[in-house]
Amino acid sequence: MIALYTDRLVIRTIQQNDWSNVLAINSDQTVLTHIRPVTSTADIESTFKQRLEPWSYDSGEWLTLIIETIQDKMFVGLTGFYKESDAMNRAEVGYLISPNQQGLGYGTESLKAVIDWGIHEFNIQKFIGYCAVDNIGSAQVMRKCGFIQEGLLRQNHKIGDRQIDEYLFGLLQSDIRI
């Protein structure tokens with residue numbers, strides 16, 4: 001079981017009793033506005049069941065971790081990564097923060113912990129992240145973690161009928177002072 005600790009948070013392996021929180025955050029269109037449309041409960045449940053399975057870095061699957069407060073075990077959101085390139089040992093990061101927990105620094109705090117763990121456990125050489133150009137909060141999280149905007153990808157993502165421009169952010173292992 002994975003359990004990462006920060007001053008305020010525990011970032012841990014997803015468990016069966018997390019289902020209601022995972023369903024809620026994946027059903028909240030305000031959280032998903034810049035990412036994707038809300039999918040069916042059956043689709044969310046299928047992905048949830050897959051995330052409960054043992055994970056390995058080389059699986060090509062997302063590592064999905066629960067973020068919760070240490071003090072009262074309040075659900076904050078989800079975070080994780082997947083190995084995006086074997087040859088370059090590059091991982092793509094992702095996170096979803098519950099609306100009532102946004103703006104409190106939890107996204108940044110949890111992402112820094114996941115990056116540190118990824119470097120120590122898997123020697124990840126580069127982390128990348130994508131975000132819609134109008135997703136200001138997500139761009140701020142990545143910048144606060146040391147990511148550099150490496151590009152603008154025009155009409156790179158589609159949400160419903162909308163073509164979305166995205167920023168590409170990158171963070172090299174050598175950029176981090178551990």
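What volume does the second largest pocket have? In this predicted model, local features require a pLDDT of at least 70 and side-chain atom pairs count only at pLDDT 80 or more, whereas totals for chains, interfaces and linings use all residues. Residues are numbered from 1 along each chain as its sequence is written, and side-chain values use heavy atoms, with hydrogens and water left out.

The second largest pocket has a volume of about 160 Å³. A pocket is here an open set of points on a 1 Å grid over the protein atoms alone, where a 1.4 Å probe fits, with protein on both sides within 12 Å along at least five of seven lines; lining residues have an atom within 4 Å of a point. Grid points are joined across faces, edges and corners, and a volume is the space filled by probe spheres set on the points. Of the 16 lining residues, Arg51, Glu53, Pro54, Trp55 and Leu63 lie nearest the centre of this pocket. Two or more lining residues come from each of helix H3 (41–52) and strand E3 (63–69), these elements being DSSP runs numbered from the N terminus (helices: H or I, at least four residues; strands: E, at least two). By class, this lining comprises eight nonpolar, five polar and three charged residues; Ala, Val, Leu, Ile, Met, Phe, Trp, Tyr, Cys and Pro count as nonpolar, Asp, Glu, Lys and Arg as charged, and the others, Gly among them, as polar.

The largest pocket holds about 1300 Å³ of space. Its lining consists of 48 residues, with Ile35, Leu78, Gly94, Tyr95 and Leu96 nearest the centre.
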